[in-house]
Amino acid sequence: MRKLKLGVVGLGRAFALTAPTLARDRRVELVAAADPRPEALQRFAADFSGKTYRDASDLWGDQNVEVVYIATPHQLHAKQAIAAAKAGKHVLVEKPMALSLRECRAMAAAAKKHRVYLIVGPSHSFDLPTKKAKQLIDSKKFGRVRMITAFNFTDFLYRPRMPDELEHALLNQSAHHVDIVRLLAGTPLKSVRAHAVAWDRGQGAYSALLRFKDSFATIVYSGNAHFDSDEFTGWIGELGQKKDPSQYGAARKTLSNRDELKFKASRNYGGPEFKASEAQFHEHFGPIIVSCDKADLRPLPNGVMIYADGERRLEPLPPTDAPRSGVIDELYDAVVNRKKPLHDAAWGLATIEACLAILKSAKSGKEVPLRHQTSASRT
């Protein structure tokens with residue numbers, strides 16, 4: 001089997017969440033990494049025996065790297081993706097793709113000019129239960145999608161954060177919701193009407209109505225560490241891990257007793273308090289209900305619940321210890337098999353347009369029409 005030679009730029013939290021899957025997948029070999037933190041580079045060299053660089057610009061010249069995974073802060077995505085494309089490297093860039101449509105267009109143009117693939121992920125639209133729900137929808141057994149309801153209440157704002165993370169919290173989290181409902185709706189998104197609110201830790205709550213060609217979706221999110229919607233998924237957390245409900249309030253309490261930046265650094269890859277994620281179930285992004293003509297479908301950490309006219313049953317999925325393997329599936333198919341990826345630059349740009357529309361509509365109080373939308377009908 002041919003292995004993709006992968007170089008990583010940014011060994012922070014995003015990489016740490018995806019690293020277990022990358023390490024287990026035989027289609028991938030981690031051959032290099034760039035990060036300014038010596039402790040992270042030392043850990044990478046020990047874990048993967050790969051080359052290490054303090055500066056990302058040195059990694060572009062590594063002839064052994066054919067794909068670059070960009071897992072740096074959002075504001076660096078565009079510059080680094082363009083540099084990687086110019087060096088002839090395929091690009092996997094963390095969501096959100098970038099912070100503006102201008103940056104997204106520049107990234108797309110660079111990938112096209114230099115004939116490399118650019119894939120945006122992982123987002124929760126890669127989750128196997130979400131993809132299974134999409135397969136059930138595409139089977140036509142349950143009729144057309146009419147309405148999607150999705151909500152998630154987390155402690156996102158009260159995990160240790162850099163200032164820029166708090167500044168872009170809404171963009172970071174809405175990218176998951178928008179990706180999911182775009183995939184499941186299957187038709188182009190037409191407009192967004194939204195409200196958003198900020199309190200003590202920044203703008204991390206929104207409610208939005210997304211109008212598609214043939215349906216609509218309501219997405220609601222709060223990262224303010226009060227109600228935890230994992231209560232509705234059997235206390236299975238977003239990363240597929242079992243949670244202890246008696247630990248309610250732990251995020252706020254822990255953060256209040258620590259120096260935030262030092263605490264974040266200690267938990268990052270290579271830090272003294274770093275712990276790898278231990279997924280036992282599939283990842284998720286809160287309760288999602290897809291209302292079709294003849295059934296409601298609900299993705300869960302262990303499958304998809306079907307609430308049809310004459311049945312109520314679970315379409316089960318096997319457990320996984322590599323919950324982000326869907327990202328590698330798409331990346332491998334693109335680079336090795338030349339299959340056009342779903343989560344390409346056009347997809348990522350369309351998601352960012354919708355996320356920015358949430359902010360724009362919340363500020364203006366008006367519905368915002370969208371112009372750069374693609375659909376998942378090609379899946």
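A32 stands opposite K51 in β3. That is a handy place to start, so to speak, in a predicted model where local features need pLDDT of at least 70, side-chain atom pairs count only at pLDDT 80 or more, and totals for chains, interfaces and linings use all residues. Residues are numbered from 1 along each chain as its sequence is written, and side-chain values use heavy atoms, with hydrogens and water left out.

Strands here are DSSP runs (E, at least two residues), as are helices (H or I, at least four), numbered from the N terminus; two strands pair if DSSP finds at least two bridges between them. To get from β2 to β3, the chain passes through helix α2 (residues 38-48) in a right-handed β-α-β crossover. Right-handed means that, with the strands pointing away from the viewer, the path from the first strand over the helix to the second runs clockwise.

Now step back to β1 (residues 4-9), which runs parallel to β2 and is joined to β2 by 6 bridges. Within this pairing, K5 stands opposite E29 in β2. Strand β2 itself (residues 28-34) is mostly covered, with 6 of its 7 residues buried, where buried means under 20% relative accessible area, exposed over 50% and partly exposed in between (1.4 Å probe, protein chains only).

Finally, the cysteines. C104 counts as buried because its relative accessibility is 0%, and C292 counts as buried at 9%. A search of the whole structure finds 0 disulfides (pairs of cysteine sulfur atoms within 2.5 Å). For C104, the nearest cysteine sulfur belongs to C355 and is 9.8 Å away.
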